[in-house]
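Q: I would like to learn how to read a structural model feature by feature. Could you take me through this one?

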Amino acid sequence: MQSGNQTSVSHFFLVGLHHPPQLGAPLFLAFLVIYALTVSGNGLITLTVLADTQLHRPMYWFLCHLSCLDVTISSAIVPKMLAGFLLDSRIISFGGCVIQLFSFHFLGCTECFLYTLMACDRFLAICKPLHYATIMTHSVCNYLAMGTWLGGTIHSLFQTSFIFRLPFCGPNRVDYFFCDIPAMLRLASADTTINELVTFVDTGFLALTCFVLILTSYGYIVAAILRIRSADGRRNAFSTCAAHLTVVIVYYVPCTFIYLRPGSQEPLDGVVAVFYTVITPLLNPIIYTLCNKEMKAALWRMGGHKDV
């Protein structure tokens with residue numbers, strides 16, 4: 001603490017997950033394995049897309065961005081969590097807390113925009129196949145991908161600055177396993193009603209807009225698939241969308257549970273947060289591998305098998 005006209009917090013103590021002390025080592029090993037699988041799984045997808053020329057298409061270019069986001073989101077949270085399990089190193093500086101909150105929301109918002117972009121890409125590919133190649137050119141894909149990262153940066157700058165303009169002069173125990181908006185609002189030494197309202201409106205508006213765009217895209221996609229006369233054609237068209245639709249559901253449900261209730265203090269919030277910060281980045285490469293025939297075929301070819 002630093003003394004002056006008022007006492008300001010110079011660091012925070014991350015309480016982490018509530019667990020008996022004897023479970024520290026098993027939890028460390030479990031989350032270490034999950035983190036290693038997340039990095040290797042997403043890295044394998046990126047390597048496969050880059051190496052296999054048959055996957056050099058917009059859908060898989062966006063998938064590379066998604067894999068990078070999954071690795072960085074997990075890396076922003078899990079290493080500090082592992083240090084808390086094994087070394088009991090749960091202190092994070094004020095600046096480190098700001099960086100962690102900014103990084104998480106920057107990456108999370110970028111991923112939200114990317115899911116929407118991927119849904120629009122599938123809409124164009126299935127509903128506008130004759131115009132797809134002229135619309136989704138390489139340069140357009142690059143601009144769209146950069147737009148998602150820029151949008152995430154702007155959103156996170158706004159949220160982070162709005163949170164840390166509040167005074168933090170009292171307790172410094174973050175009842176969470178990382179610095180996030182709901183946990184930080186509970187520590188602020190001021191009325192946080194406006195912040196909670198802004199978080200609800202801002203996050204709710206972005207999430208709802210993206211979700212409506214995704215649902216609209218899939219509404220048109222389903223209608224187009226049903227018009228395909230061939231059963232194999234319908235099956236192939238649906239298989240290209242099944243993986244993306246699955247990860248959208250896995251991503252949106254827990255995030256909605258947390259950020260549309262910024263003032264919540266339920267113990268279940270921590271469990272849900274573990275799901276979308278640790279488990280979801282692991283599930284994405286598994287879902288895209290199991291639900292996507294082209295990705296499975298590319299992985300098979302990467303293994304040296306010519307006949308798929």
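Q: Why does Leu47 count as partly exposed?

A: The model is a predicted one, so the values here are computed from its coordinates. Buried means under 20% relative accessible area and exposed means over 50%, with partly exposed in between. Leu47 has a relative accessibility of 49%, and therefore it counts as partly exposed. This residue is found in helix α1, which covers residues 24-51.

Q: Which residues form a nonpolar patch on the surface?

A: Leu47 belongs to such a patch together with Leu44 and Met302, and the accessible area of the three together is about 260 Å².

Q: How many helices and strands does the protein chain have, and what pattern do they follow along the sequence?

A: The secondary structure comes to 10 helices and three strands. Read along the sequence, these elements follow the pattern β-α-α-β-α-α-α-β-α-α-α-α-α.

Q: In what order do the three strands form the sheet?

A: The order of strands in a sheet is read from their pairing, and here the three strands form an open sheet in the order β2-β1-β3, with mixed pairing. Strands β2 (91-93) and β3 (173-174) stand at the edges, and because each has a single partner strand, one side of each is left without a neighbour in the sheet.

Q: Which bridges join β1 to β2, and which residue stands opposite His11?

A: Strand β1, residues 11-14, is joined to β2 by three bridges, and the two strands run antiparallel. His11 stands opposite Ser93 in β2. Helix α3, residues 94-127, packs on the sheet and touches both β1 and β2, its direction making about 85 degrees with that of β2.

Q: In what sense do β1 and β3 pair?

A: These two strands pair in the parallel sense over two bridges, and the bridge partner of Phe13 in β3 is Arg173.

Q: What can be said of the protein chain as a whole?

A: Of its 308 residues, 48% count as buried. The accessible surface comes to about 14,900 Å², of which 70% belongs to carbon and sulfur atoms. Among contacts with a separation of 6 or more, residues 24 or more positions apart account for 78%.

Notes: Residues numbered from 1 in each chain as written. Predicted model: local features only at pLDDT ≥ 70, side-chain atom pairs only at ≥ 80, totals over all residues. Heavy atoms only, no water. Patch = residues over 30% accessible without salt bridge, like charges linked within 9 Å, V, L, I, M, F, W, Y side chains within 5 Å. Areas by Shrake-Rupley, 256 points an atom, 1.4 Å probe, with all protein chains shown as cover. Salt bridge = Lys/Arg side-chain N within 4 Å of Asp/Glu carboxyl O. Helix = DSSP H or I, 4+ residues; strand = E, 2+ residues; numbered from the N terminus. Buried < 20%, exposed > 50% of the residue type's maximum accessible area, 1.4 Å probe, protein only. Pairing = 2+ DSSP bridges. Contact = heavy atoms within 4.5 Å. Axes fitted to C-alpha atoms, helices over the stretch in contact; angles between N-to-C directions.
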